[in-house]
Structure formats: structure tokens, C-alpha cells
Amino acid sequence: MSEPVDVTVDHHVAKVRLNRPEVLNAVDGAALAEFGLALRDCADSPDVHAVVIHGAGRSFCSGIDLTALATGRIPLGWFDEWERAVALCEEMPKPVICAIHGHCLGGGFQIALACDARVASPDAVFELPAIREGLIPGFGVHRLPRYVGVALTRRMVLFGDRWTAARAAELGVLEKVSLDPLAAAVEMAHELAPLSQVHSFAVCKRLLSLAGAGADPLQEYLARQAECLGSEHHRASAEAWLSR
């Protein structure tokens, strides 16, 4: 039996693939455990400078495994583990790009929103249908308004709006629509990979993830700016400026 998530690394770019195509890459307990482990390994590996998340088969990810949910195999603890895994996309001090095709629903859209950039095929569709299952769409209710505001988020979360790739691109959720989203995402990952060596990139990722989260933005900013001022990259940039 194939693993529910697999990882390949080539020229410092890791491709994390959701690999349950028979259920449109729906996430159950085993898939979640493997997904979190894959992201942690990517974050910790010095050989990985950028990450691309994609899905096998006809779709990127259809969200939570409804069969596992309906048969009691997804307890409350699953949701805690899920949010911690998805947050790794935001917290990882490396660029993370999502390559989307077909269905990008529920948890799939939540993963995409936590990434630094998104590329989708023209046939991709986006939705947060948790209310139909009597659930909350995780931290998607916090992340989506950062892209499109509260009004459009309300329409999707409460009223079930579904977006095409063209609509998502129009709203600024996607960086690109491509007939080959995986290839386009890998190309973007190679371009952005050098940022993994820049300390202030990781700091800015953290500050952006805290936007609107109720944290003290001034103190967080000052603490992280102090880190950046002491970083090798800043010193090199200052020396280059002085020697211009």
C-alpha cells in the first residue's frame, strides 16, 4: 500500500504530495500524521530550501475524510493536530508554494491559504463547506479574510459560495493560473529558494501570520527587528551599501 503522503527532494526543493487519490486526497488520521511529519522534516532539513505541496490524481485535496469522520475515527484531538500541521506552512522559515488542481475544498483550501503562494489549474474549484457537515472550517475563517476581507469570507463560509480558479485569481488568492500548476509551482520554488537563507524572510512570515491574531504587534515587531539587525544577512547588506 502506498503512503498517504510522500516527499521527494530535488535541487533543494521538496515536493510534498498528498497521495490518497481514490478519495480525492481527503485527510484521515494516518494522512494527517504523515503530512505533519513531512512538513516538520522539510522545516528541519538543511537540504530543503523551498517546499511545494500538491496532490495525486484528479484533485489537490477535498478536505477532511468524511467517511472517517462519520464513523467516529476523527476525534476532537484530530482538529488540534490538523491546525498545528497546517500552521507549519506559515511558520516554516522557507517559501511554501501550493500547486492546486481540481477540488480544493475545506481542509485543502485551508492548506492553500497557509502557504506563501498558490498556483492553480483552470479547472480548480475552491470552497469551505464545513457548515454542511456541521463543522467550523478551522482557521480558514481567520486566514481567508486576510486575502479577500470579511464580506467575501462570510459568503463562502456561511452561504457556500464556490470559486473558480479565475475568480480566485481575480480576488488575489492565486499568484498564477497555469495548465501545469505543479511545474509552475516548482519553478517559483526554485526562484524563491534563496530566501530561506535570509533571516528577515522567516521573521516577516511570522509577523504576517500574526496579523489580526490579537498579539501585541509592536512588541513582536521590535523583538524580531532586533534579531534581524544582528543577522549576517543584514550585516552583509550594510557592508555592501557602505562600499558602494
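Glutamate 83 and arginine 143 form a salt bridge through their side chains, with an N to O distance of 4.0 Å. This pair joins distant parts of the chain, since glutamate 83 lies in helix α3 (residues 76–91) and arginine 143 in helix α5 (residues 140–159), 60 residues apart. The model is predicted, and a search of the whole structure finds 14 salt bridges in it.

- Glutamate 83 and arginine 143 are both buried.
- A network of salt bridges links Glu83, Glu90, Arg143 and Arg146.

- A salt bridge connects arginine 17 with aspartate 6, whose closest N and O atoms are 2.7 Å apart.
- Arginine 17 counts as partly exposed because its relative accessibility is 28%.
- Aspartate 6 is likewise partly exposed, its relative accessible area being 22%.

**Arginine 20 and aspartate 28**
- The side chains of arginine 20 and aspartate 28 also meet in a salt bridge, at 3.4 Å from N to O.
- Arginine 20 has a relative accessible area of 14% and is therefore buried, the cut-off for this class being under 20%.
- Aspartate 28, at 13% relative accessibility, counts as buried as well.

Note on methods:
Residues are numbered from 1 along each chain as its sequence is written. This is a predicted model: local features need pLDDT of at least 70, side-chain atom pairs count only at pLDDT 80 or more; totals for chains, interfaces and linings use all residues. Side-chain values use heavy atoms; hydrogens and water are left out. Buried means under 20% relative accessible area, exposed over 50%, partly exposed in between (1.4 Å probe, protein chains only). Helices (H or I, at least four residues) and strands (E, at least two) are DSSP runs, numbered from the N terminus.
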